[in-house]
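Hello,

Here is the structure I promised to pass on. My notes follow below it.

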Amino acid sequence: VEESLAEHLLWQLTMSVTSEDDYAIGEAIIGNIDDDGYLTVSVEEIADALERDVAEVERVLQLIQTFEPTGVGARDLRECLLIQIRQLGLEDTIAYKIVEDNYLEDLEANRFPQIAKNLGIDMELVREAANAIASLEPRPGRQFSSYKPEYVIPDVTVEKIDGEYKVFMND
C-alpha cells in the first residue's frame with residue numbers, strides 16, 4: 001500500500017511538533033494541501049476555523065514547508081520554487097532573484113533579454129538560471145499521486161474496406 005501525501009506529511013508533523021495546538025494547526029493545514037502539494041485555502045481561513053492567531057498558523061505552515069517533498073505547502077508556483085531554492089541553499093543566486101522578483105512569465109515566454117536588462121546581468125547568466133529553475137519540481141506532491149491513466153477499450157470499431165464501412169464487435 002502506497003503512502004499518501006497527507007500520511008507522509010502527518011508522519012513528519014508528528015516528529016516535528018511537541019504541542020497539541022501546533023499538531024491541530026498542522027493537521028488542518030495538511031488537510032487542505034492538494035495532490036500537487038499546494039495549500040488550497042488561506043492562512044486566515046484556517047486561523048478562523050480553528051479560532052487561532054494567523055501568526056500561529058503561519059508559523060506552523062513555515063514548518064510544514066520544510067518537510068519532504070521539497071516545496072510542499074506552498075500557496076502558488078512562485079512560493080513553491082522559492083522554498084525549493086532556499087532548501088538547496090541558493091538564496092544568493094540569480095535563479096532566486098528571477099523567481100523572487102516574479103519574472104516567471106517572462107521566463108516562460110523566453111524573454112531572457114528583458115530579464116537580463118531588468119536585472120542588469122549577462123544573458124548567459126539568465127539562461128543558466130532558467131535551466132536551474134526548470135530542474136525544480138512545480139508539483140511537489142506528484143510523487144504521491146495515485147492517478148493512473150485509465151484506458152478505454154471500445155465495444156465496436158468501424159473500418160473502411162474497399163470503399164465500404166464495416167462494423168466489427170470487439171471481443
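**Salt bridges and cores**

Arg52 and Asp21 join their side chains in a salt bridge, with N to O at 3.0 Å. This pair ties together distant parts of the chain. Arg52 sits in the loop between H3 and H4, Asp21 in helix H2, and 31 residues separate them. Please keep in mind that this is a predicted model.

How exposed are the two partners? Arg52 has 29% relative accessibility, so it counts as partly exposed. Asp21 is also partly exposed, because its relative accessibility is 39%. Both classes follow from the cut-offs: buried is under 20%, exposed is over 50%, and partly exposed is in between.

The count of salt bridges comes to nine. Here are others that I looked at.

- Glu124 pairs with Arg127, and their closest N and O atoms are 3.3 Å apart. Both residues belong to helix H9, which covers residues 123–134. They are three residues apart, about one turn of the helix. Glu124 is partly exposed, with a relative accessible area of 38%. Arg127 is partly exposed at 33% relative accessibility.
- Glu137 pairs with Arg142, and here the closest N and O atoms are 2.8 Å apart. Glu137 has 28% relative accessibility and counts as partly exposed. Arg142 has 39% and is partly exposed.
- Glu58, Arg75 and Glu79 form a network of salt bridges.

Now the nonpolar side. Which residues have the most contacts inside the largest nonpolar core? They are Leu9, Ile29, Ile33, Val57 and Ile64, in a core of 20 residues. Four helices each supply at least two residues of this core: H1 (5–16), H2 (20–31), H3 (43–50) and H4 (54–64).

Leu9 deserves a look of its own. What does Leu9 touch, leaving aside its neighbours within four places in sequence? Its contacts are Ile30, Ile33, Phe67, Glu68 and Val72. Ile33 is, like Leu9, among the residues with the most contacts inside the largest core.

Then turn to Leu9 and the core of 20 residues.

Best wishes

Notes: Residues numbered from 1 in each chain as written. Predicted model: local features only at pLDDT ≥ 70, side-chain atom pairs only at ≥ 80, totals over all residues. Heavy atoms only, no water. Core = buried A, V, L, I, M, F, W, Y, C linked by side-chain atoms within 4.5 Å. Buried < 20%, exposed > 50% of the residue type's maximum accessible area, 1.4 Å probe, protein only. Contact = heavy atoms within 4.5 Å. Salt bridge = Lys/Arg side-chain N within 4 Å of Asp/Glu carboxyl O.
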